[in-house]
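Thanks for making the time this morning. I would like to talk through one interface, slowly, and with the criteria stated as we go.

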Amino acid sequence: MIIYGVAILAFCTLVGKYTGDLIGIMIGVQSNVGGVGIAMLLLILLANFPKRIFHLDEISQKGVTFWSAMYIPIIVAMAAKQNAVAAMSSGAVAITAGVLAVVFSFAMIPPLMRLSNNRDIKKDD
Amino acid sequence: MTDLLYIIAQKNSLLVAFVFVGVIMWLSYKASKYLTVGHLHGSAIAIMAGLILAYFSGQYTGGSKGVADIELLTGVAIMGGGMFRDFAIVATAFGVNVEDLRKAGVVGAASIIIGVLLSFFVGAGVAVAFGYTDPVAITTIGAGAATYIIGPVTGASLGASSEIIALSIAAGLVKSILVMVSTPLVAKRIGLDNPTAAMIYGGLMGTTSGVSGGLAATDPKLVPYGAMTATFYTGVGCLLAPSVLYLIIKQLST
């Protein structure tokens, strides 16, 4: 049944968010730490369980893949509810800080990528 | 007649949002196919259209929630809110290749720390360049350049003024929106076309909305990898900025 997939997805998301909040409280941070990531790992774990212990049949899987396909429309809705006016009219300090942070971060991707490739090559030796 | 239509729309706001977003998507994919001959992805156009509509709605209503401040479109705030966003992001993990995840594990984790430090010090440097001397203000603006959550969390715990906190949120907002818009444009040049690069990208950028929007517009298959690292970024930032990083800034400014 399709609800099985939806239920498992919701369960993983809730457990992840709860764990993320707990970690945040434990290390004394007023924020969720990795909640979505933990939920994703949980879902990956369940999806890779041996079939005789846990198995989602094809129709139940659609309960997950439907929401995966709804991802882009949801992101479009998220974009449409941003405070774009505040971002555009925030003044030179905020705009410069935001823009430079993005530029420097983009620039770091290729060197980190090379670092990762070098590690792979060493392992292969 | 119109009154009745209005009431129905308000009572079913989420359904109105589905129609609204559906129409944006349809127009954007048509525009992608006929106007840009497929050069700019339909989802990238849709996300930009969403942001532009949010801008004009904000101008018109004076609110802070984009189109969701228009009475008929309040459902967009639900559809695009944290609950559905996280639910859908987790769902994308279903097709993840565990081997790809493991391969980028160490570099991905390192990129989170590097990303927080990089954005923080760039933001702090900009604050200094604009004449700020108070270490609390410099730290808060630096934290805001990381994400718009780290900024106010840091500012609140250091006792920054509300203007500085607002500034830090604005810096994070600029970053998040810029990441959404610019990622599909620079993706090829920086080699953002594989799971490892996506994990590094998520860790460096850190803004969940920026990363999820940026990857959606670039290649939806990469979304789970970027989201995986980005989701730890804000937590790491909230841990480092008000503590270690503040002490460093304080040392440097005396």
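Predicted model: local features only at pLDDT ≥ 70, side-chain atom pairs only at ≥ 80, totals over all residues.

Residues are numbered from 1 along each chain as its sequence is written, chains are lettered from A and ligands numbered from 1 in the order in which they are written, and side-chain values use heavy atoms, with hydrogens and water left out.

Taking contact as heavy atoms within 4.5 Å, 71 residues of chain A touch 94 residues of chain B. The two chains bury about 7000 Å² between them, 83% of it on carbon and sulfur atoms, where buried area is the accessible area (1.4 Å probe) lost on putting the two parts together, summed over both. On the chain A side, Met40(A), Tyr71(A) and Phe106(A) lose the most area to chain B, together 10% of what that side buries.

As for charged pairs, there is one salt bridge between chain A and chain B, that is, a side-chain nitrogen of Lys or Arg within 4 Å of a carboxyl oxygen of Asp or Glu. It joins the side chains of Lys17(A) and Asp86(B), at 3.0 Å from N to O.

Helix 6 of chain A (92-124), a DSSP run of H or I with at least four residues, numbered from the N terminus, supplies the largest share of the side of chain A that touches chain B, at 22 residues.

Key: Helix = DSSP H or I, 4+ residues; strand = E, 2+ residues; numbered from the N terminus.
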